[in-house]
Amino acid sequence: MKLSQFRFKLPEELLALEPPHKAFANDDGTVEKVYRRDECRMMVVHRKSQTIDMYVKDDDGNDTDQFLTFRNVIDYFDEGDAIVLNDTKVFPARLYGTKEKTDAKIEVFLLRELNRELRLWDVLVEPARKIRIGNKLFFEDDGPMVAEVIDNTTSRGRTLRFLYDCPHDEFKRELFALGSAPLPRYIVDRRPVTDDDMENFQTIYARNEGAVTAPASGLHFSRELMKRLEIRGVNFSFITVHCSLGCFDTIEVEDLTKHKMSSEQMRIDSEACQVVNKAKAEGRHVCVVGVTTLRATESAVGTDGMLKEYDGWTNRFIFPPYEFGLADSMIVNFYHPESTMLMATAAFGGYDLVMEAYQKAVDNGYKFGCYGDCMLIMDD
């Protein structure tokens, strides 16, 4: 397929800059926000019947005027079904420092730690033209956190060595204390990052640190909803995929077969496989949450349709047409035009049906992006 086939007009007002919430005005004039992860709208796409549901139905099966929300997801799964979740944990990757001598403000985006003992980190810097090998960056006016640029890796990429002599745990604690939630650029450019974002931009089941962006489709799960699913008999399979910024990379070729995805580190253990494979063997639903999870499971599924243990990296790029080997259902957000996430969604749900769903989403004011509304794709 061609890149231009995934182009559509996304009004700016449909970009979700915050999660679903209710705002309350205090007596002193301040505004308090109560965030409710599971109250986003949910569109249900049925890929066999080629139908799309947006509204809660009445007892006669007719649409009401009430939109489906993510809390309704429980109505689509039963005892023995498996939901595959990515338990990666986002760290506060965006820092701001100043360049020595000029005091120019520099954004430093931490990607991954390269060497624990030498305090080496792979980072992105902005504006990159001002940062050369040998430059020093200061992250506090009178604090001890200083970094030296020791290598150029890409046009914006640099290797930094942090000059901070202390135990590693203390270094990481101090480094992360300087950072903020690594929200996508389309949010950061439109509003300030707040303290609430570090919690909101993290799934409630996150446990394995290493992601520089959230597995956003999992942000909708609340503790209450997960408990209700558990009581219903739905089983959870936790895998780890450290989400990178590759999902936001601009595709610069019209022929999608020529695009190369960035690699992401992933791990699937035996326990995760047992949960999924039991559901598969019993003919139950296997639902993957998010495109990153989809790519990972498709990298680890065997020819027998069963999930295998995996410890390594994947750069799998999924776009139509694609023959899937594992999941029969998927939960995803609404994504930007020409994004790799939209392409994977279209491959799973069917190009024509998904693009129809996207047009309905735009027409009905659904919110797009990491903090936006979601789509459930079912194989019925």
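Author: The largest nonpolar core has 74 residues, and Tyr358 and Phe368 are the ones with the most contacts inside it. A nonpolar core here is a set of buried Ala, Val, Leu, Ile, Met, Phe, Trp, Tyr and Cys residues joined through side-chain atoms within 4.5 Å. Buried means under 20% relative accessible area, exposed over 50%, and partly exposed in between, with a 1.4 Å probe and protein chains only. This is a predicted model: local features need pLDDT of at least 70, side-chain atom pairs count only at pLDDT 80 or more, and totals for chains, interfaces and linings use all residues. Residues are numbered from 1 along each chain as its sequence is written, and side-chain values use heavy atoms, with hydrogens and water left out.

Reader: What is Tyr358 in contact with, leaving aside its neighbours within four places in sequence?

Author: Phe8, Asn333, Phe334, Tyr335, Leu342, Phe368 and Met375. Contact means heavy atoms within 4.5 Å. There is also a second, separate core of 27 residues, with Ala93, Val125, Ile131 and Val212 among them.

Reader: How many aromatic pairs does a search of the whole structure find?

Author: The search gives 23. Rings of Phe, Tyr and Trp (its six-membered ring) pair if their centres lie within 6.5 Å; planes under 30 degrees apart count as stacked, over 60 as edge-to-face and the rest as tilted. Tyr205 and Phe221 are an edge-to-face pair, at 6.4 Å centre to centre with 70° between the planes. Tyr205 is in the loop between α3 (195–200) and β15 (208–211), and Phe221 is in the loop between β15 and α4 (223–232), so the pair ties together parts 16 residues apart in sequence. Helices (H or I, at least four residues) and strands (E, at least two) are DSSP runs, numbered from the N terminus.

Reader: Are Tyr205 and Phe221 buried or exposed?

Author: Both Tyr205 and Phe221 are buried. Elsewhere, ring pairs link Phe8, Tyr55, Phe67, Phe334, Tyr358, Tyr366 and Phe368 into a cluster.

Reader: Which ring does the charged end of Arg41 sit over?

Author: That of Tyr366, 4.3 Å from the ring centre. Likewise, the charged end of Arg47 sits over the ring of Phe348, 4.4 Å from its centre. The test is NZ of Lys or CZ of Arg within 6 Å of the ring centre and within 35 degrees of the ring normal.

Reader: OK, switching to the sheet. What's the order of the nine strands?

Author: The open sheet runs β4-β3-β21-β20-β18-β7-β16-β17-β19, with mixed pairing. Two strands pair if DSSP finds at least two bridges between them. β4 (51–53) and β19 (310–314) are at the edges with a single partner strand each, so one side of each has no neighbour in the sheet. The twist averages 20° from one strand to the next.

Reader: And how do β20 and β21 pair, parallel or antiparallel?

Author: Antiparallel, over four bridges, with β20 covering residues 329–333 and β21 residues 374–378. Asn333 has Cys374 in β21 as its bridge partner. By contrast, β18 and β20 run parallel and are joined by three bridges; there Cys287 is partnered with Ser329 in β20. β7 and β18 also pair in the parallel sense over three bridges, and Ile83 stands opposite Cys287 in β18.

Reader: Which strands does helix α6 touch?

Author: Helix α6 (residues 291–300) packs on the sheet and touches β7 (82–86), β16 (235–241), β17 (264–268), β18 (286–289), β19 and β20, with its direction at about 65° to that of β17. Those angles run from 0 to 180 degrees between N-to-C directions, using lines fitted to C-alpha atoms, for helices over the stretch in contact. Ten of the ten residues of α6 are buried. Helix α8 (residues 351–363) lies across β3 (42–46), β4, β20 and β21, at about 155° to β3.

Reader: Last topic: where are the cis peptide bonds?

Author: One runs from Glu126 to Pro127, with omega near 0°; Pro127 is in the loop between β11 (120–126) and β12 (136–138). Another joins Pro320 and Pro321, with omega about -10°, and Pro321 lies in the loop between β19 and β20.

Reader: And what's phi for Gln50?

Author: Near 60°, a positive value in a residue other than glycine. Gln50 is in the loop between β3 and β4 and counts as partly exposed at 47% relative accessibility.
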